[in-house]
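Please keep the sequence and the structure in view while reading.

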Amino acid sequence: MMRLLLAVFLLLSGAPAAHAEIGAWDFRVLLDEHEIGRHLFTLRDAGTGRELRSEADFNVRVLFFSAYRYLHEAVERWDGDCLQSLVARTKTNGESLAVSAATRNGQLAVERPQGPDLHEGCVMSFAYWNPEVLNSSRLLNSQTGELVPVQITAQGKDTVALRGQPVTADRHRISGPDLQIDLWYANDQWIALEALAAGGRRLRYELK
């Protein structure tokens, strides 16, 4: 436990990364066509693998007041398509949640508020940036630490706006318990996301 806490401190301390950036996805986030914030994903070469940093900041305002505030930061380390470690912290309307994970003897050990979990085999998070996520039957939620069973189906070709221009893309749907997320890829590059939110509202990611 002390080693995991130390890893959380070091990875989230804001120290500058020495790794070369190999990819970035900077999304504006909309809720029913109203912009509510951004979500930035930065992928770096970590020498023996890859490191993905995720930073989200949402603020839903009603009549000039903040009705919903969401902050999320996570750092994931990957060996190929397998998650090796994770540290994440989330603050929703002032309530904080922390999750961490690390590989031990070929297993992924997860620490979350509900208690520790141990998962066999290669585990992926909801790593939309990696098209291999579309071949998964279970995905780790970096916010809650829960391993979620999913079904992923191709939805065919679709036209989606990319920085104001129509683009033909492959659409896929991730379904699971209380979960429906649509993803769009053009030339194996993730370019958009849409998810069902509470109350039948729609959350959408558009690349800046």
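**Charge pairs, rings and surface**

Arg204 and Glu206 form a salt bridge, with their closest N and O atoms 3.6 Å apart. The model is predicted. Salt bridges that share partners put Arg204 and Glu206 in one network with Arg28, Glu35, Glu194 and Arg202. The structure holds 17 salt bridges, and the count of aromatic pairs comes to 10.

**Salt bridges**

- Side chains of opposite charge can pair when their charged atoms come close.
- Arg204 is buried, because its relative accessible area is 15% and the limit for buried is under 20%.
- Glu206 has 23% relative accessibility, so this residue counts as partly exposed.
- Asp81 pairs with Arg50 in another salt bridge. The closest N and O atoms of this pair are 3.7 Å apart.
- Asp81 is partly exposed, with a relative accessible area of 29%. Arg50 is also partly exposed, at 24% relative accessibility.
- Asp117 forms a salt bridge with Arg112. Their closest N and O atoms are 2.7 Å apart.
- Asp117 counts as partly exposed, because its relative accessibility is 24%.

**Aromatic rings**

- Trp25 and Trp129 form one of the 10 aromatic pairs. Their ring centres lie 6.5 Å apart.
- Is this pair stacked, edge-to-face or tilted? The ring planes stand at 45 degrees, so the pair is tilted.
- The pair links distant parts of the chain, 104 residues apart. Trp25 sits in strand β1 (residues 21-31), and Trp129 sits in the loop between β8 and β9.
- Trp25 is buried, at 8% relative accessibility. Trp129 is buried too, with a relative accessible area of 7%.
- Ring pairs also build a cluster. Its members are Phe27, Phe41, Phe126, Tyr128, Trp190 and Tyr205.

**Ser125 in its loop**

- Ser125 is found in the loop between β8 (115-120) and β9 (138-140). Trp129 is in the loop between β8 and β9 as well.
- Is Ser125 buried or exposed? Ser125 is buried, because its relative accessible area is 1%, and buried means under 20%.
- Which side chain makes a polar contact with the side chain of Ser125? The partner is the side chain of Glu76, at 3.1 Å.
- Leaving aside residues up to four places away in sequence, Ser125 touches Glu76, Trp78, Leu83, Val133, Leu139 and Leu140.

**Nonpolar surface patch**

- Val62, Leu63 and Phe65 form a nonpolar patch on the surface. Together they have about 370 Å² of accessible area.
- Where is Leu63 placed? Leu63 is in the loop between β3 (50-62) and β4 (65-79).
- Leu63 is exposed, because its relative accessible area is 68%, and exposed means over 50%.

Notes: Residues numbered from 1 in each chain as written. Predicted model: local features only at pLDDT ≥ 70, side-chain atom pairs only at ≥ 80, totals over all residues. Heavy atoms only, no water. Patch = residues over 30% accessible without salt bridge, like charges linked within 9 Å, V, L, I, M, F, W, Y side chains within 5 Å. Areas by Shrake-Rupley, 256 points an atom, 1.4 Å probe, with all protein chains shown as cover. Salt bridge = Lys/Arg side-chain N within 4 Å of Asp/Glu carboxyl O. Helix = DSSP H or I, 4+ residues; strand = E, 2+ residues; numbered from the N terminus. Buried < 20%, exposed > 50% of the residue type's maximum accessible area, 1.4 Å probe, protein only. Polar contact = N/O pair within 3.5 Å; in protein donor to acceptor, adjacent residues only side chain to side chain. Contact = heavy atoms within 4.5 Å. Phe/Tyr/Trp six-rings, centres within 6.5 Å; stacked < 30°, edge-to-face > 60°.
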